[in-house]
Structures are given as structure tokens and as C-alpha cells.
Amino acid sequence: MGRPEHHEDEVLTIKAAAELLDVSEQTLRRWDKAGKLRAKRHPMNGYRLYLRRQVLELRRQIHSGSERAS
């Protein structure tokens, strides 16, 4: 059998992360600059990539009221 899938280890594009968080891509760029949700950069094209587990954790915090999106 193959390796089990680890969905939380996958990376998301800025568009997918923004949709999961229900914020704009520009908001994610600001959060990256501010250090709130740091993006990794794709080695070939420099696009921002977000770890799914970090995005889901931030979404949980936002929905629990412990973090406020700006």
C-alpha cells in the first residue's frame, strides 16, 4: 500500500488559503508582512504557499474569537 495522505501537511495557494479563511488575498499578504501567518515561497516561481494546518489553526482561532482578522 502507498503512503497515507497527510492533508494537514499539504500546502495551499494564497487563493485557497484566503477562501478557507474567508478573507482577501491582500489580507493574507498583510498578515504575512506582519508575521501573523507566514507564507513559504515556492522555490521556482516565488508564489506564496501556506501550510494547510496553519491556515486551519488560524481559522479555528478566528472562529473561537481568540483572534480578530483585520
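Reader: In which sense do S2 and strand S3 pair, and over how many bridges?

Author: Strands of a sheet pair through backbone hydrogen bonds, either parallel or antiparallel. Here S2 and strand S3 (residues 48–51) pair in the antiparallel sense, over two bridges, where two strands count as paired if DSSP finds at least two bridges between them. Strands (E, at least two residues) and helices (H or I, at least four) are DSSP runs, numbered from the N terminus. Please keep in mind that this is a predicted model, in which local features need pLDDT of at least 70 and side-chain atom pairs count only at pLDDT 80 or more, while totals for chains, interfaces and linings use all residues. Residues are numbered from 1 along each chain as its sequence is written, and side-chain values use heavy atoms, with hydrogens and water left out.

Reader: What is the strand order of the open sheet, and which strands are at its edges?

Author: The open sheet has three strands in the order S1-S3-S2, with antiparallel pairing. Its edge strands are S1 (11–13) and S2 (40–41), each of which pairs on one side only. Arg41 stands opposite Arg48 in S3. Helix H3 (residues 52–64) packs on the sheet, touching S1 and S3, and its direction makes about 70° with that of S3; such angles run from 0 to 180 degrees between N-to-C directions, with axes fitted to C-alpha atoms, for helices over the stretch in contact.

Reader: How should I read the faces of a helix, and which residues of H1 are buried?

Author: An α-helix has 3.6 residues a turn, so residues three or four places apart point the same way. In H1 the buried residues are Ile14, Ala17, Ala18 and Leu21, buried meaning under 20% relative accessible area, exposed over 50% and partly exposed in between (1.4 Å probe, protein chains only). Seen down the axis of H1, these buried residues fall within an arc of 100°, so they line one face of the helix; the arc is that of the directions from the helix axis to the C-beta atoms. Lys15 and Glu19, on the other side of H1, are exposed.

Reader: Which residues are buried in H2, and what do they pack against?

Author: Thr27, Leu28, Trp31 and Asp32 are buried in H2, and because they cover an arc of only 140° around the axis, they sit on the same side of H2. The buried residues of H2 pack against H1, S3 and H3, contact meaning heavy atoms within 4.5 Å. H2 is followed by Gly35, whose phi is positive, near 85°.

Reader: Why does Asp32 count as buried, and which residues does it touch?

Author: Asp32 counts as buried because its relative accessibility is 8%. Not counting residues up to four places away in sequence, Asp32 touches Leu37, Arg38, Ala39, Arg48 and Tyr50. A polar atom of the Asp32 side chain lies 3.2 Å from the backbone nitrogen of Ala39.

Reader: How many residues has the largest nonpolar core, and which have the most contacts inside it?

Author: A nonpolar core is a set of buried Ala, Val, Leu, Ile, Met, Phe, Trp, Tyr and Cys residues joined through side-chain atoms within 4.5 Å. The largest one has 14 residues, and those with the most contacts inside it are Leu21, Leu28, Trp31, Leu37, Tyr50 and Val55. H1, H2 and H3 are the elements that give two or more residues to this core, and H1 gives the most, with four residues. Leu21 and Ile62 are 41 residues apart in sequence and 8.5 Å apart in space, C-alpha to C-alpha.

Methods. A polar contact is a pair of N or O atoms within 3.5 Å; within protein, one must be able to donate a hydrogen and the other to accept it, and residues adjacent in sequence count only if both atoms are side-chain atoms.
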